[in-house]
Amino acid sequence: MSSPSGAGKTTLSRALLASDHHIRMSVSVTTRPPRPGELDGKDYFFISKERFFEMRDKEELLEWAEVFGNLYGTPRLPVEDALAKGRDVLFDIDWQGTQQLEQAMRDDLVRIFILPPTTDELRDRLIKRAQDSSSVVAKRMAEASREMSHWAEYDYVIVNDDVATSSAEITAILTAERLRRTRRIGLTEFVRGLNKTL
Ligand SMILES: Nc1nc2c(ncn2[C@@H]2O[C@H](COP(=O)(O)OP(=O)(O)O)[C@@H](O)[C@H]2O)c(=O)[nH]1
Ligand SMILES: Nc1ncnc2c1ncn2[C@@H]1O[C@H](COP(=O)(O)OP(=O)(O)O)[C@@H](O)[C@H]1O
């Protein structure tokens, strides 16, 4: 899931994790300082630049990017573990990270882009979140059009006007995508079983 900052990724991710017990959140590492209320290991793993580059060089990151002057990356092992256990994994990452995951995951990646209803509303949400200074908000607004220019590379686009509606749309996307994959992976055996009892 990607979006310009403030469009609602974190809010929609939390709603999805609360209602869907088959999905695991990929917790990224970042060199950005924690916001008030953010927990190390839950929202992000907050690490130094040195540690970040060490992880990158040891190929412990599935993808990484610089966003708003900070470094962000996806630890590889937890993702591989969750997928091996048959879970789905939710990534809250930018367009650069999505492009790298496409290389690694191919058809198993479902890309969702979240748009704000208007730019005024986007600015309002960034201000009302009240966790970033006005210069950080300005920087994020300035980057919004660059992030949004990538919307067409995604499989689905959601205009996040109302949280309940957007959450229902994401649930519908996951249901449909899971059914597509069940058909590809699990149903051959199932139909063979049905045929045996005919
Ligand atoms: N490529 C990449 N981007 C990330 C990762 N983690 C977070 N991001 C992106 O970095 C940007 C800034 O995230 P953050 O500082 O938490 O701000 P917020 O998204 O506005 O709450 C967002 O576009 C995130 O999706 C990651 O592991 N990899
Ligand atoms: N549909 C919505 N309507 C109104 N406010 C929203 C909506 N979605 C998110 N918000 C609010 O906007 C702010 C930014 O949302 P957040 O989920 O942190 O965005 P992101 O993770 O994309 O930066 C938060 O204060 C959140 O409560």
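Q: How do helix 5 and helix 6 pack, and at what angle?
A: In this predicted model, helix 5 and helix 6 (residues 134–148) pack at an angle of about 150°, and their axes are 10 Å apart.

Q: OK, so are they roughly parallel or roughly antiparallel?
A: That angle makes helix 5 roughly antiparallel to helix 6, because angles over 145 degrees count that way.

Q: And is the crossing left-handed or right-handed?
A: Right-handed, as helix 5 passes helix 6.

Q: Which residues meet there?
A: From helix 5 you have L122, R123, L126 and I127, and they meet V137, R140, M141 and A144 of helix 6. By class, the residues of this contact are six nonpolar, two charged and no polar.

Q: Switching topic: what comes nearest to ligand 2?
A: There are 15 residues around ligand 2, and G8, K9, T10, T11 and R125 come nearest. Helix 1 (9–19) and helix 5 (119–129) are the elements that give two or more residues to that shell.

Q: How many residues of each class does the shell around ligand 2 have?
A: Seven are polar, six are charged and two are nonpolar.

Q: Now V157. Where is it?
A: You'll find V157 in strand 8, which covers residues 156–159.

Q: Why does V157 count as partly exposed?
A: V157 has 14 other C-beta atoms within 10 Å.

Key
Residues are numbered from 1 along each chain as its sequence is written. Chains are lettered from A and ligands numbered from 1 in the order in which they are written. This is a predicted model: local features need pLDDT of at least 70, side-chain atom pairs count only at pLDDT 80 or more; totals for chains, interfaces and linings use all residues. A residue is near a molecule or strand if its C-beta atom, placed from the backbone, lies within 6 Å of it. Helices (H or I, at least four residues) and strands (E, at least two) are DSSP runs, numbered from the N terminus. Ala, Val, Leu, Ile, Met, Phe, Trp, Tyr, Cys and Pro count as nonpolar, Asp, Glu, Lys and Arg as charged, and the others, Gly among them, as polar. A residue is buried if 20 or more other C-beta atoms lie within 10 Å of its own, exposed if 12 or fewer, and partly exposed in between; C-beta atoms are placed from the backbone. Axes are lines fitted to C-alpha atoms, for helices over the stretch in contact, and angles run from 0 to 180 degrees between N-to-C directions. Angles under 35 degrees count as roughly parallel, over 145 as roughly antiparallel, 65 to 115 as roughly perpendicular and the rest as oblique. A crossing is left-handed if the near helix is turned anticlockwise from the far one by less than a right angle, and right-handed if clockwise. Two residues are in contact if their C-beta atoms, placed from the backbone, lie within 7 Å.
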